[in-house]
Amino acid sequence: MFQVAVQNLISGGYFVTIDPVYFDGQSWISRFVTSKDRGQHVRTPEQYLALAKESFSNVKSTLTSNNTYLPGEALIMKCVKD
């Protein structure tokens, strides 16, 4: 996905992702809700960043929590093509 995005963006263009995450210190209820996500490959913030940085050199990320009525956290990444 990152490779396709970087190939199709103009210089200065960006690609934004929002993904559920697992991390140390996460509450059990948040981890449970995240485990029920439809995705098969929920990762840690560090793992998502490593994937993004294989294609993008400029990646900014923010960990957010409780964006819905269910407990849970998400990693928002903005990947900019240089």
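**Entry 1: first look**

How many helices and strands does the secondary structure of the chain come to? I counted 3 helices and 3 strands. For this I took helices (H or I, at least four residues) and strands (E, at least two) as DSSP runs, numbered from the N terminus. Reading along the sequence, I noted the pattern α-β-α-α-β-β.

I reminded myself that this is a predicted model, where local features need pLDDT of at least 70 and side-chain atom pairs count only at pLDDT 80 or more, while totals for chains, interfaces and linings use all residues. Residues are numbered from 1 along each chain as its sequence is written, and side-chain values use heavy atoms, with hydrogens and water left out.

**Entry 2: confidence**

I looked up pLDDT, the predictor's confidence in each residue, from 0 to 100. The chain has a mean pLDDT of 92, and 100% of its residues reach 70 or more. Where is confidence lowest, and where is it highest? I found the lowest mean, 89, in helix α2 (residues 28–35), and the highest, 97, in helix α3 (residues 45–53). A note to keep: where pLDDT is low, the predicted coordinates should not be read in detail.

**Entry 3: the whole chain**

I found that the C-alpha trace spans about 40 × 20 × 20 Å along its principal axes. Next I looked up burial, where buried means under 20% relative accessible area, exposed over 50%, and partly exposed in between (1.4 Å probe, protein chains only). Of the 82 residues, 33% count as buried.

The accessible surface of the chain is about 5700 Å², and 54% of that belongs to carbon and sulfur atoms. Such areas come from the Shrake-Rupley method with a 1.4 Å probe, and for residues, only the protein chains shown count as cover.

I also looked at contacts, meaning heavy atoms within 4.5 Å. Among contacts between residues at least 6 apart in sequence, 55% join residues at least 24 apart.

**Entry 4: two threonines**

I began with Thr17, which sits in strand β1 (residues 14–20). Is Thr17 buried or exposed? Thr17 is buried, because its relative accessible area is 6%. Leaving aside neighbours within four places in sequence, I found Thr17 in contact with Met1, Phe2, Leu75, Ile76 and Met77. The side chains of Thr17 and Asp19 are joined by a polar contact of 3.3 Å. A polar contact is a pair of N or O atoms within 3.5 Å; within protein, one must be able to donate a hydrogen and the other to accept it, and residues adjacent in sequence count only if both atoms are side-chain atoms.

Then I moved to Thr34, in helix α2. Thr34 counts as buried, because its relative accessibility is 5%. With neighbours within four places in sequence left aside, the contacts of Thr34 are Pro20, Val21, Tyr22, Gln26 and Val42.

**Entry 5: over to Ile76**

Ile76 turned up in the contacts of Thr17, so I followed that lead, and with a relative accessible area of 30% Ile76 is partly exposed. I placed Ile76 in strand β3 (residues 73–80). Not counting residues up to four places away in sequence, Ile76 touches several residues, including Val16, Thr17, Ile18 and Lys60. From Ile76 to Pro20 I noted 56 residues in sequence and 9.0 Å in space, C-alpha to C-alpha.

**Entry 6: the loop between α3 and β2**

Which loop holds Ser57? Ser57 lies in the loop between α3 and β2 (58–65), and Glu54 lies in the loop between α3 and β2 as well. Ser57 counts as exposed, at 63% relative accessibility. Glu54 counts as exposed too, at 63%.

I found a polar contact of 2.3 Å between the side chains of Ser57 and Asp82. Ser57 and Val80 are 23 residues apart in sequence and 7.7 Å apart in space, C-alpha to C-alpha. For Glu54 and Gln3, I noted 51 residues in sequence and 8.3 Å in space, again C-alpha to C-alpha.
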